[in-house]
Amino acid sequence: MKSQIALAVAGLLSATAAHAEPLAINADVVSETGAKNCWLLIDSENGDSILDVFTSEADVPSSAKKLKYEGYAYPGLIDTHNHVHYNSIPLWKPKSFFVNRYQWNDEQNKSPQNEEYFDNVVDIFKANMEASGDVMSTSIKYAEIRAIIGGTTIIQSSYYTKPPSLPIRNLTGSLVANSSNNILKIGNEKLQANAAKLKSKELKRYFLHIGEGRADDPVSINEFKVLRDNNLVTPGMVVIHGVALTKPEFKEMADNKMYLSWSPRSNINLYNQTTNIPAAIESGVTVALSPDWTISGSDNLLGEMKFAFDYANKTWGAANPVTPERLYKMVTTDAALTAGLEDHFGQLKKGFAGDFFLAPKLDQNPFVSLLKTEPKNISLVFVEGKAVYGDDARMVSLYNDVKEADLFTDKLEVDGTTKRICLFDDATCNKQRYKDVMYLLNHCLPKVAPLLETH
Ligand SMILES: [Zn+2]
């Protein structure tokens, strides 16, 4: 792994099958400045990175298998905040709104309002998942499938058990700390120890839920003060949500090179309010977009982009900075910065990760086209230079024939289209395939979330 971040990557496709020779993919390759027709050269046998980028077909090595795609190649989307182990639980739409995150998840103070959460979410989770590491790890695998069908190739995760073989990369590792705990419960000692690690670069990023509550909620507002009191208003700090923050805090964040991970759908569903993104962006804060989890957020980043775009247009009018271009950055380059992965991810260029996906040209503007893209439209997804997911016919073609494709990949239906996913893992010898994932979840959970919810 060439990234400075130690990414836990497990269970990617055995290179014994698909495209053992180098693969040259021709598409309109998208970057922050637009789209340019190029050839991306990858070879999963020789590293996980893009080996080269050519503008002329004449420069493509003759040994490479060529794939001409009439559409866009986007960098794999980076999900900077999620709780993946919950994502097999169906969507929860609370009957009324909460003031902050402690109101709905407070087991000590159950009320008619938050009891609904425990009935619908926690009880399913506790009774059926924590009881079995298999259910937990399978739920994580299902969550990653739900993410990859929307073009995500890196997701923030948290393991309760040994990582299963997973289809996409996980943002974990010794240089990234992540806690979903109440900042007050973490305690000053631990907070200050992490502040010192950020300062000494022992830690590159520290993710904390801060200000996840309404702007008039004193508990949520106070959390930024707790950060300040513990030396955590400092470079490398990532604020998850920041709904209650105002311009002065965003200014402090920008001055201290802090980052924000924004989850509008989940915020609106839970609090009927989300972060003041115009103020954050005007202050100079780098903002990434993330679904939070699928229980109250989007199924994947494509869905979150659509929600964010519509919400921002409706809410912020002329002051709205959430353009299609900005949203693209929030899930690629700015997400990479937020995750501390900017040296190897978020762009498609020589030496960067072979993580990308192919999607049709639904608009001449690649950023608008991405906003229009639905999971069913996504043709192929590459992780570490390997085709991990895609259209049935395209995957069969990459695996040479149906027999070979059946050996290494599994069919699944995504919004009426037939796709294939590779869950095959060398280490576990093909232990758990898609049908096994669904069988286990369907038998152990009262209800399993669909790959795509109706929001
Ligand atoms: Zn969260």
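Predicted model: local features only at pLDDT ≥ 70, side-chain atom pairs only at ≥ 80, totals over all residues.
Residues are numbered from 1 along each chain as its sequence is written, and side-chain values use heavy atoms, with hydrogens and water left out.

I placed Ser298 in the loop between strand S12 (286-289) and helix H10 (301-316); helices (H or I, at least four residues) and strands (E, at least two) are DSSP runs, numbered from the N terminus. I recorded Ser298 as buried because its relative accessibility is 1%, where buried means under 20% relative accessible area (1.4 Å probe, protein chains only).

I then checked polar contacts (a pair of N or O atoms within 3.5 Å, one able to donate a hydrogen and the other to accept it within protein; residues adjacent in sequence count only if both atoms are side-chain atoms). The Ser298 side chain makes one with the side chain of Arg265 at 2.7 Å and one with that of Glu304 at 2.6 Å.

I turned to the sheet: three strands, ordered S5-S6-S7, form an open sheet with parallel pairing; strands pair if DSSP finds at least two bridges between them. I identified S5 (77-79) and S7 (169-171) as the edge strands, each pairing on one side only. S5 pairs with S6 (residues 152-156) over three bridges, and I found Ile154 in S6 as the bridge partner of Ile78.

Notes
Buried < 20%, exposed > 50% of the residue type's maximum accessible area, 1.4 Å probe, protein only.
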